[in-house]
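Me: I'd like to go through a two-chain model and ask where each label comes from. Could you take my questions in turn?

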Amino acid sequence: MGEISKIENFQRKIISILFRIVLTIYSFFVLINNNTNFEWYYNILIIIVYWILFLSLWSKHGWKSILRLTIDYLYIYLILFQQESFTFIEYSLLFIPILNCQNHSSNKRTILVYLYPLGIIFLITQNYNFISLLPFLAFYIINSFEGIRTKYSKFIEELNSKIDDFFIQTDTRKKTYTIYKELIPIINKSSLFKNQIDNIICFKIKKNRVKIINGSYFIWNLSLTDYSNFLEKIKTINYSESFNDIEIKINENTIKHNLVLIYKIDESYYCYVIQPKKNDSFADLRFRTFLPTLIKPFFIRLTKVFEADLIHKAHNYEEVKKMAEKNTYVSKAELAMHHIRNHLTPFKNIAALTNTLGTISNPDIIEKVINNMKKDAITIKTSLPEILKRVDLILDKPQNPFNVSELINVGTQQLFTQIKNIWSFHFDEEIFEINWNSSKNRKKADVEINIEGLDLIVSNWLSNVEKFNNASYGVIFNEDESYYEISFYNTYNDQKKVNRLLELFNATDKSQVFRNSSHGIFQIKECLSQMNVIGEMYNQDNLLYFNLKFNKLYIL
Amino acid sequence: MKILIFENQKNTVQPSFDSVNDIFCDNELAIEYYPKSQDLVPFTKISEYEFVFIDISLAPNSNLDGIGILKKIKNENLNVNNIIVLTGDSRIEDKLNANGLFNIKTLFKPIDFTELNAIINN
């Protein structure tokens, strides 16, 4: 049961009690207003028995709700039976249950609510005044329409609850097609439509290409018999439309009778093929007229979920592609290193021969050694170009998917958000001092960054700050004419470590940094260099500062 | 002395073997290179060699790789005098152990003739 249904049920229960209170008070008023031959305790007893019976049947459904209604009218009859006159005041008592019938808890509203008062009128007056029956007929007609409207609302609400509940369950997010197994029974059990649905299939048309999305059964093949005509039809759609009996071939079976609901989202058309049971035609007028309208909100939501799911899958695919590129690069680099290692034998051998040469005096052996050295030199000459080719493969930066030199222009807002997001991953409290000019009439400028590169730099640094700060830390956002500057600062305990860090960061010899630092500093320096961002690290007033300076690119 | 070498990149080891043969053995070593496992026919001939050097990654069209050859020797209970694995992989011992191959001598590439000589002329 959805949350709204729960609230509604609770309201029904309260209204049910309020209605009986109104009925009791009004009947009390009727009793006072007229002379009655009955003793007062007799009426008190009626009221007590009525309330006991009502409370025992309160919020019960099915035949018990009918019994509850019967007891209401029995009570009214007992009140009216005592009256000497039957004026408008007494007559009005009969309408109270009718006014409450919208609140009736039985799913199928009973006609008894209109028949009982007619019976009471007959029993009391012993004849029918047809004019007095007209209000009941009018109420019956109005309430019947109201009943249909309520059924529609309930139907839509049930669909919406279902889709909400469905996507809250984590395991169903991977199997979105199972939503049809939930949807079809709701439509089929609804008394609103005569036709029964057998299956629902969804396909998408984008750039004139059909893509199967999913269905209540497995679909491996789908084609439209008159595809060009269908395309022409859907091109005129603004947002949503429905068509009947579009001939579609699904898994080699031709489906002639169906209802096709189409929803446009961006440049895509999501088409839901609703198949009737036993391949009947959707001849029922009610089905054709109301079903598309009633289920439209449900399918619009479903379409958005499917579209979001496809976008998510496309992103995942892009990530996998990137990962595959990186994997290929690493494999190629491994192979290249393997190749280089294997081809170093003549180099190593010539070195060993050179060493041996210095330790021997036998001229025959010396000659042999020299001959072998010559042979190795020839081998080296042939294998050297191959070795260099492999070395180039590893060193060639454009081929390296790990490099971050591909830059995009971002505004200060995005740059700030990026830093803020990484910061919030490491620290709970935002200790930011923002001195960036944010006035409307400022001269706007972008900066160039590689998002992955910036993440690597800042994450690497903040991991250190997290580990080594001993009291305070934070970020200052400054700017001057040429740069946006982001300064990370923190206090520290270990002066020696900081000195070493400063020495490594400010070293100009790349290999020294690579050999002597943890991977983090090397990676930070590499990313800064590839992104053309100026990095500065210094120690001032017992605070360690790490500054990033981004070139301002003024927007004309 | 007969030496068998399973190696698909002959030129990566030949200079060192040639140097040993020339300088220390007066060219008396009969060295045979096979890039593929199926080149040795019949395979049982492997017992005739004094030393068998096996590279782990053989030619792609070799029926067996180095590990496969070692397993075949073990499974068929062939009596092979000296088996030495040639490799550039520093984690080879784990790989061999994982395949149930223990106590196998390993020579890491690149190799020079002094290392080879230490094994052959012990």
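Predicted model: local features only at pLDDT ≥ 70, side-chain atom pairs only at ≥ 80, totals over all residues.

Me: Let's start with chain B. What makes up its fold, read along the sequence?

Reply: The pattern is β-α-β-β-α-β-α-β-α. In total, chain B has four helices and five strands.

Me: How do you know how much of chain B counts as buried?

Reply: A residue is buried when its relative accessible area is under 20%. In chain B, 50% of the 122 residues count as buried. As for contacts in chain B with a separation of 6 or more, 67% of them come from residues 24 or more positions apart.

Me: Why is helix α1 of chain B called largely enclosed?

Reply: Helix α1(B) covers residues 14-24, and eight of its 11 residues are buried, so the rest of the structure largely encloses it. The buried ones are P15(B), S16(B), F17(B), S19(B), V20(B), N21(B), D22(B) and I23(B).

Me: And what covers those buried residues of α1(B)?

Reply: Parts of both chains. From chain A the cover includes α11 (345-357) and α12 (363-395), and from chain B it includes β1 (2-6), β2 (30-34), β3 (51-55) and α4 (113-120). Just after the helix, D26(B) has a positive phi of about 50 degrees.

Me: How many residues are in contact between chain A and chain B?

Reply: There are 20 from chain A and 21 from chain B. The area buried between the two chains is about 1,800 Å², with carbon and sulfur atoms giving 52% of it. On the chain A side, R341(A), T345(A) and K348(A) lose the most area to chain B, and together they make up 30% of what that side buries.

Me: Over to chain A, then. Why are α6(A) and α7(A) called roughly antiparallel?

Reply: The axes of α6(A) (residues 112-125) and α7(A) (residues 130-168) come within 10 Å and cross at roughly 175 degrees. Anything over 145 counts as roughly antiparallel, so α6(A) gets that label relative to α7(A).

Me: Which residues make that contact between α6(A) and α7(A)?

Reply: On α6(A) they are Y114(A), P117(A), L118(A) and I121(A), and on α7(A) they are L133(A), F136(A), F139(A), Y140(A) and N143(A). By type, eight are nonpolar, one is polar and none is charged.

Me: There's an open sheet in chain A as well. What makes β10 and β14 of chain A its edges?

Reply: The sheet has five strands in the order β10-β12-β13-β15-β14, with mixed pairing. β10 (432-434) and β14 (534-540) each have a single partner strand, so one side of each has no neighbour in the sheet. On average, neighbouring strands are turned by 15 degrees against each other, ignoring direction.

Me: How do you know that β10(A) pairs with β12(A)?

Reply: Pairing needs at least two bridges. β10(A) and β12(A) (residues 473-479) are joined by three, and these strands run parallel. I434(A), for instance, stands opposite F477(A) in β12(A).

Me: Which helix lies across β12, β13, β14 and β15 of chain A?

Reply: That's α14(A), residues 451-468, which runs at about 170 degrees to β15(A). Helix α15(A), residues 495-505, also packs on the sheet: it touches β14 and β15 of chain A, and its direction makes about 150 degrees with that of β14(A).

Me: Why does E252(A) count as partly exposed, and why does D266(A) count as exposed?

Reply: Exposed means over 50% and buried under 20%, with partly exposed in between. E252(A) has 48% relative accessibility, so it is partly exposed. D266(A) has 61%, so it is exposed.

Me: Last one: where are the cis peptide bonds at P42(B) and P110(B)?

Reply: The bond from V41(B) to P42(B) has omega near -15 degrees, and P42(B) is in the loop between β2 and β3 of chain B. The bond joining K109(B) and P110(B) has omega of about -5 degrees, and P110(B) is in the loop between β5 (105-108) and α4 of chain B.

Technical notes
Residues numbered from 1 in each chain as written. Chains lettered and ligands numbered in written order. Heavy atoms only, no water. Buried < 20%, exposed > 50% of the residue type's maximum accessible area, 1.4 Å probe, protein only. Helix = DSSP H or I, 4+ residues; strand = E, 2+ residues; numbered from the N terminus. Contact = heavy atoms within 4.5 Å. Axes fitted to C-alpha atoms, helices over the stretch in contact; angles between N-to-C directions. Parallel < 35°, antiparallel > 145°, perpendicular 65-115°, else oblique. Nonpolar A, V, L, I, M, F, W, Y, C, P; charged D, E, K, R; others polar. Buried area = accessible area lost by both parts, 1.4 Å probe.
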